[in-house]
Amino acid sequence: MDFELTTEQQDIQRAAREFANGTFDKDLAMELEHHHRFPREIKKEAAKLGFIGIHFPEEYGGQAYGNLENCLIAEEFCRRDSGIGLALSFCCFGSGIILRYGRDDQKKRYVLPLTQGDAICSGAFTEPDHGSDINLLFTTAVKEGKEYIVNGNKIFITNIQEADFAVVLCQTNPEAISPRQGQSTIIVESNRKGFESSFLDKMGWKMSVTGMLSLNEVRVPQENLVGEEGQGFYQAVGYFNEIRVEIGATGIGIAQGSFDRALDYAKKREQFGSRIGDFQIIRHKLAEMATRIEAARLLTHKAAWELDKGIANRKLISMSKWYSARTAVEVADEAIEILGGHGYVLENEVERFYRDARALEIVEGTREIHKNAIARALVGKG
Amino acid sequence: MDIIVCVKKVPDTREAELIITKDGKDIEKGELVCDINEWDRYAVEEAIRLKEELGGSVTAVAVTPDEDEDLLRKCLAMGADRAIMVKDESFRGSDAHVIATALHHIIKDLPFDLVFTGVQAEDDGYAQVGGILAGFLKVPHATLVTQIEVLERKVQVHRELEEALMEVVELDMPAVCTIQTGINEPRYVSIMGIRKAAKKEMKTLNTSDLGLTEEELGDSASKVKIKGLSLPPSGKGAEILKGSTGEIATKVASILKSKGVLA
């Protein structure tokens, strides 16, 4: 057993840290947050340096590293700034399905602009009536001639207002014996007629502009189907394994970033004649925060390491996802507590880290859903 | 254009609480994050830019008592072509003369047109290695360099003097330049750079490979010996302003006005 990152992984981690420290400016972040703007310039720069899609194959603009290296970057980016970090970590959300199951021409056409240019995309799975339960979808794609006609509504779609395209999970065969066997993923470009998005203001994660997607008689060529018909549900489940581990990594980054700020404050802030970091209650808070972060990091790094070995360990992935997300929320909450009034004002960042962290417990499976998955692995189907 | 850049790893002490070691001659570095000396980072960038423009090679060189491979990997990832590290415990406590001696032993057998060092190191601030090295190599040198233009077998450099006064000098090549911060904007390390660095040559030598004797190394050979380090006493007269940025700015403005600095 070797718990040490390779020298190359350490270099990647350091490069990501230096880039984030040098370019994720606090005032810029507050400005972007306030106006719900995606950090486009930073994304472009990050793509140029190879940080975006580091785990994608080289021929599609990636760097051929694995999930673990991608997690190290997500962690460092979110540590410096939760908002910019999340925006950059999920600017390619959905494209992993094309990479895993799509044709070569689809990968070149849709993935290359993400890793090399300034394109961003969305994955559209959730519907107003189907969140954790995506067994039967109301979004349909019906073949007509050489096209699909797509109709339906999707909700809570990350990046949707700025995305160049969305990977949309549709019901292509409503009569399949099991509804999930009748689902397919279809790429829908945002400039197609009938593709409309609307804005949803939310508690945090504001630099990724989330919204509703309404598809009204949208015609897309049949060549936009990813993989085979009827495979959509299974493609999504496979891809979510990867994304859930990445969410764990963003959670660790947010937790670490909150901790850094709390530690720094505890060492400098003086009350009753001594540093608050000398008071046992604050010391214990810091000790607990650091312990939780380390535990979440070990879980997530192991989950990513297993993915890179070709093991999709659903139990471990669920553990890493809910625990890291919970850790982010708890540590950010304690950071606010340590900073007191200063923690509640915008310019000290930890309140934003807290708001951003809260989303991680909901997206890609609530913590309840993940505990169900873990329990299923432990005691069987309930 | 073959360029050799000498680099050093230093602890980042900007936000740190400094603790003096028991022998009183150093600071505790255990908890400090170490990275490339700021001036050296500009020197590496300048060397790579010149290579990219004119062709040739960049060799990064470090003389160190510690395992500083990561420092050289960073130089390679930025774009240096090869790296040489001479690691020996006896370099601990060495003065600039000893370090320059070791660098001279490495460089004298390499082809080079220019040697860059940083103007000074963030940790000890001596600003001597470049000058002594030029003496050993018997080549001209310029300090505080903020601009470089390569001419036919000559190099024209700008030197930054006090009060923003600029001196332009011409040196015959080969030459040594000590590079000032701000000469360029050092690049971030890219993932592509890290991948390439993994395939580049990194040579690790010891002092006997260089033919250096014990008499030439370490504390005993150093002509400048550290007697002690101390932290500044907390003086009176300093007023620490507290409050929000706005409140502090208002207080600063009123103090400056009261002292007659501002009208």
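Into which domains is chain A divided? In this predicted model, the chain falls into domain 1 (7-115), domain 2 (121-230) and domain 3 (234-379).

The centres of domain 1 of chain A and domain 3 of chain A, taken over C-alpha atoms, lie 20 Å apart. Contact between them draws on 31 residues from domain 1 of chain A and 34 residues from domain 3 of chain A. Together the two domains bury about 2,800 Å² between them, and carbon and sulfur atoms contribute 58% of that area. On the domain 1 side, the residues that lose the most area to domain 3 of chain A are A:Asn67, A:Glu75 and A:Arg79, which together make up 21% of what that side buries.

Five salt bridges are counted between domain 1 of chain A and domain 3 of chain A. Elsewhere in the list of pairings, the side chains of A:Glu33 and A:Arg355 form a salt bridge, with N to O at 2.9 Å.

Turning to the secondary structure on the domain 1 side, at least two residues of the surface touching domain 3 of chain A come from each of helix H2 (26-34), helix H4 (67-80), helix H5 (82-89) and helix H6 (95-101) of chain A. H4(A) provides the largest share, with 11 residues. By residue class, this side of domain 1 of chain A comprises 13 nonpolar, 10 polar and eight charged residues.

Notes:
Residues numbered from 1 in each chain as written. Chains lettered and ligands numbered in written order. Predicted model: local features only at pLDDT ≥ 70, side-chain atom pairs only at ≥ 80, totals over all residues. Heavy atoms only, no water. Domains from an automatic or database assignment. Contact = heavy atoms within 4.5 Å. Buried area = accessible area lost by both parts, 1.4 Å probe. Salt bridge = Lys/Arg side-chain N within 4 Å of Asp/Glu carboxyl O. Helix = DSSP H or I, 4+ residues; strand = E, 2+ residues; numbered from the N terminus. Nonpolar A, V, L, I, M, F, W, Y, C, P; charged D, E, K, R; others polar.
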